[in-house]
Amino acid sequence: KISGTLPSNECLASRSRLSNLEYFYAYQNQISGTLPKGLLCGNIATETMTDFSVSDNRLSGTLPPNACLANRSNQTQLRRLYLYGNQISGTIPEALVCGTSASESMLDLELGANRLSGFVFSEECLAGRSSDSQLKHLYLYGNRLSGTIPSGLLCGSANPLTALQLEECQLSGEIPNCQGGSVTANENLEVVTLHSNNLQGTLPNMLWPGMKVLSISNNPNLEGSLDGLPNSLEYLVSQGCKLSGGLEKLGFLPNLTKAYLSGNKISGTIPHRMFHDRLTEVVLSHNLVSGSIPPKISQAGNLTKLLLDNNRIRGHLPGELAQLLPGLTDLRLQLNELSCEISASLYD
């Protein structure tokens with residue numbers, strides 16, 4: 001593994017304009033020290049660099065200030081900045097994603113698992129971005145942020161953002177509602193992870209139409225229902241919240257592969273339409289689910305995990321369940337009102 005520090009600002013300043021460095025990847029090493037400002041701004045020799053990655057190292061210090069980043073040349077080509085898994089502190093400079101023509105070329109900004117603090121980008125910053133903004137992936141998870149989620153990250157039909165990771169960031173407030181008036185949802189957004197924050201209020205009824213992954217677990221004051229989930233959803237994780245209402249929507253998600261909904265206040269019956277061959281894991285433990293297990297569960301031939309314990313499910317469980325679901329490896333039905341004859345094949 002590589003150790004030591006990154007080149008100093010003095011060293012970077014002496015590089016020739018003819019330097020053609022485009023990619024710098026030194027992730028998963030033991031590089032320490034601080035991040036020199038000259039790598040990201042103020043140095044004509046770094047204008048050609050498109051990718052810079054020193055993730056999973058031992059860097060400390062702060063990110064370059066807004067004043068430095070705002071002075072970057074219009075010729076700056078930085079597209080991907082990967083600094084996750086270090087010990088970088090301070091605030092996140094808004095000039096990384098807005099305010100300059102150089103910031104508009106950023107595609108991937110990954111600063112997760114550091115010691116960053118302060119607010120996520122302001123509404124004014126995000127609203128001021130031009131239509132040329134290209135930011136697709138923003139990963140800020142595992143930092144010490146505060147405040148609320150700006151609507152400018154989640155709303156706007158022309159917003160290019162496709163993946164947003166803000167889990168474990170100590171954020172509060174409500175999830176922005178992108179419906180109503182002139183506000184529209186981001187049609188490009190596919191991945192949103194907001195788990196393990198202090199979010200509250202109600203889950204917006206109309207979420208992002210292209211959503212594939214939604215993770216909002218461990219926000220104990222977050223309420224709402226599943227009714228507004230988009231039909232495109234593939235992976236749903238919402239454990240340890242205060243969601244209520246029924247499960248009917250799960251029957252209208254043809255691409256759903258995993259549904260983790262334990263520890264809520266969800267009631268009603270399990271819809272038979274939710275069982276299909278794409279479904280692999282269902283976790284509904286510790287809810288208020290009633291009714292019986294649908295016979296059409298046999299249509300979920302690839303199901304490996306079925307956790308229904310601590311509910312109000314009743315009726316008869318077929319003893320030949322092992323034959324109906326040959327891939328099932330984790331089955332939990334305790335603390336319900338089920339009756340069945342346990343087939344020996346369930347123990348094989």
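A polar contact, as I use the term, is a pair of N or O atoms within 3.5 Å, where within protein one must be able to donate a hydrogen and the other to accept it, and where residues adjacent in sequence count only if both atoms are side-chain atoms. This is a predicted model, in which local features need pLDDT of at least 70 and side-chain atom pairs count only at pLDDT 80 or more, while totals for chains, interfaces and linings use all residues. Residues are numbered from 1 along each chain as its sequence is written, and side-chain values use heavy atoms, with hydrogens and water left out.

Let me start with His195, whose side chain makes a polar contact of 2.7 Å with the side chain of Ser215. His195 sits in the loop between strand E13 (191-193) and strand E14 (198-202), where helices (H or I, at least four residues) and strands (E, at least two) are DSSP runs numbered from the N terminus.

Now to the disulfides, meaning pairs of cysteine sulfur atoms within 2.5 Å, of which the structure holds three. In one of them, Cys41 and Cys68 have their sulfur atoms 1.7 Å apart, and because the torsion about their S-S bond is about 80 degrees, this disulfide is right-handed. Cys98 and Cys125 form another, with sulfur atoms 1.6 Å apart, and here the torsion is about -80 degrees, so the disulfide is left-handed.

Which cysteine sulfur is closest to that of Cys241? It is the sulfur in Cys169, but at 16 Å that is too far for a bond. Cys241 is buried (under 20% relative accessible area, with exposed over 50% and partly exposed in between, using a 1.4 Å probe and protein chains only), its own value being 6%.
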